[in-house]
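Here is my notebook from a first walk through this structure. Have a look at it yourself, then follow along with my entries.

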2 protein chains.
Amino acid sequence: MANIPDSHPRKASLLSRQRIVEATKDGLLADSAMIAHGRGEAFDYLLGEKTTDSAKLAIKEVAARLIAAKNPVISVNGNTVVLAGKALIRVAAILNCPIEVNIYYRTDERMSKLNSFLENQKELLSQEDNPKGWNGDWSSAVMSVNILGKVGDGRIEGLEGPRSICSAEGIERADVILVPLEDGDRCEALINLGKQVLVVDLNPLSRTAKMATVTIVDEISRAAELLLEYTIKNNQKPTKWNNNDVLNESLEIIASNADI
Amino acid sequence: MANIPDSHPRKASLLSRQRIVEATKDGLLADSAMIAHGRGEAFDYLLGEKTTDSAKLAIKEVAARLIAAKNPVISVNGNTVVLAGKALIRVAAILNCPIEVNIYYRTDERMSKLNSFLENQKELLSQEDNPKGWNGDWSSAVMSVNILGKVGDGRIEGLEGPRSICSAEGIERADVILVPLEDGDRCEALINLGKQVLVVDLNPLSRTAKMATVTIVDEISRAAELLLEYTIKNNQKPTKWNNNDVLNESLEIIASNADI
């Protein structure tokens, strides 16, 4: 990777971009992953490349709902794995919940590469110290995170073809799903099944953002780090959540940044 | 390419995306071309995916300035070639000006591929009928468009390393340069050399957009088609142009689309 000085005001954004470019070369991502990343970059730019106050509230709400869930699952696509895989494994270790690799353009090769990537991350993370503020056996918590998805033995009712494939132990039986960077159709199908769908989406106007139970309008790697912090703190119960409020606040910030 | 129905409201955008994905596979584009395209998609989405009235004025102004120029040149990078190569060859044929391939991450392989791509397009275009409203020998006009760039015998003063390389017959001697999708440093260097820099940039907040002589805030393939139309009409002289006005109008549109 190119050397970006610490002083660069957009260092985090440039590092994320490099990670996506490298992962594409390594065959972890679909063709259009870089385009999706670029779209996200533009929205993040308009949001000021920082986590807004309303996004923080949404992340707290997501932490509370995952903790309160009976069968939570974290569903990840390629970009999420590359940008926030580590942080989400840590979250899953604390929640004692599985991670399901579930990708839009499903191929055996990419499913297998993403699975291996996460298993390798688990090995590395299991050797780290406990996250600050968390007590317990970290190594065994991390190693017991099930990485699902390779076996497509579940179905998402309401979708057709490869898009409907999921894991029976993961998305199919989950009551609460954290699914960053989801597309509109799948979000809608999961909502129609009565599940709580918690998403991360930088475009507050997207169908996913509008349809989800809770929408975090934030960049996934920033959001995942905060989610970890709030999951460890565990000091909030799920609230009666008005998702339109956070969407409107994000839109106001974009509008005010554009209106100079 | 996948078959997108004519009725799809975002067909043009999806076709452009496919072109960029295919061209990346064919080795015509740099790694980050898809990311740049995605950023553009997001801004275009916020602009309503149509050419605004102020963008139309900017395109007319660009046509007038290219026609009035002593030594105009159209400088193209990979994304521009893929998305608007044909239309810009037509414009160059009418203006009787060269096209220079000039890319940020210069490699011999990509320079050669982009050059061949444009030469092939020239062959195809030379067999077409005259563009509507244009009289003359179309075949010879098209075939006499010089594709420059492979020979890097010119320099852009004020830049260092590979970024400073250009064609002596093209950018170096030009008084007026149409350079869609330019980056901020190069735009600044060209302005400092006293040249008129006419750009196409979907982000009205970018350094390039703010620094250029005339900024067309529009998607390049739409803008290039309109530029062709206005170049043929040729019914306007360059005006005293206030570039801030068009930038502010674009920002107002983004703000009003975001503020729903």
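**Entry 1: a loop residue**

I began with N234(A), which I found in the loop between α10 (220–233) and α11 of chain A. I took helices as DSSP runs of H or I with at least four residues, and strands as runs of E with at least two, numbered from the N terminus. Before going on, I noted that this is a predicted model, in which local features need pLDDT of at least 70, side-chain atom pairs count only at pLDDT 80 or more, and totals for chains, interfaces and linings use all residues. I also noted that residues are numbered from 1 along each chain as its sequence is written, while chains are lettered from A and ligands numbered from 1 in the order in which they are written.

Most residues other than glycine have a negative phi. N234(A) counts as partly exposed because it has 14 C-beta neighbours inside 10 Å. For this I used C-beta atoms placed from the backbone: 20 or more others within 10 Å make a residue buried, 12 or fewer make it exposed, and anything in between is partly exposed.

I then turned to chain B, where N234(B) lies in the loop between α10 (220–233) and α11 (243–258). Its phi is near 50°, again positive. N234(B) is partly exposed, with 14 other C-beta atoms within 10 Å.

**Entry 2: helix α2 of chain A**

Next I checked the length of α2(A), residues 33–46. Its 14 residues should span 20 Å at 1.5 Å a residue, and the end C-alpha atoms are 20 Å apart, so the two agree. The expected span is 1.5 Å times one less than the number of residues. I found 14 of the 14 residues of α2(A) buried. After the helix comes G48(A), with a positive phi near 85°.

**Entry 3: where the chains meet**

How many residues of chain A are in contact with chain B? I found 20 residues of chain A in contact with 20 of chain B, where contact means C-beta atoms, placed from the backbone, within 7 Å. On the chain A side, α1 (11–25), α2 and α11 (243–258) each supply at least two residues. α2(A) gives the most, with 9 residues.

I looked at how α2(A) meets α2(B), residues 33–46 of chain B: their axes come within 6 Å and cross at roughly 50°. The axes are lines fitted to C-alpha atoms over the stretch in contact, with angles from 0 to 180 degrees between N-to-C directions. That angle makes α2(A) oblique to α2(B); under 35 degrees counts as roughly parallel, over 145 as roughly antiparallel, 65 to 115 as roughly perpendicular, and the rest as oblique. Among the residues that meet are M34(A), I35(A) and F43(A) on one side and M34(B), I35(B) and F43(B) on the other.

Last, I looked up S54(A), placed in helix α3 (residues 53–68) of chain A. Is S54(A) buried or exposed? It counts as buried because it has 21 C-beta neighbours inside 10 Å. Leaving aside neighbours within four places in sequence, S54(A) is in contact with V246(A), E249(A) and S250(A). I also noted that S54(A) and D218(A) are 164 residues apart in sequence and 9.7 Å apart in space, C-alpha to C-alpha.

Technical notes: Two residues are in contact if their C-beta atoms, placed from the backbone, lie within 7 Å.
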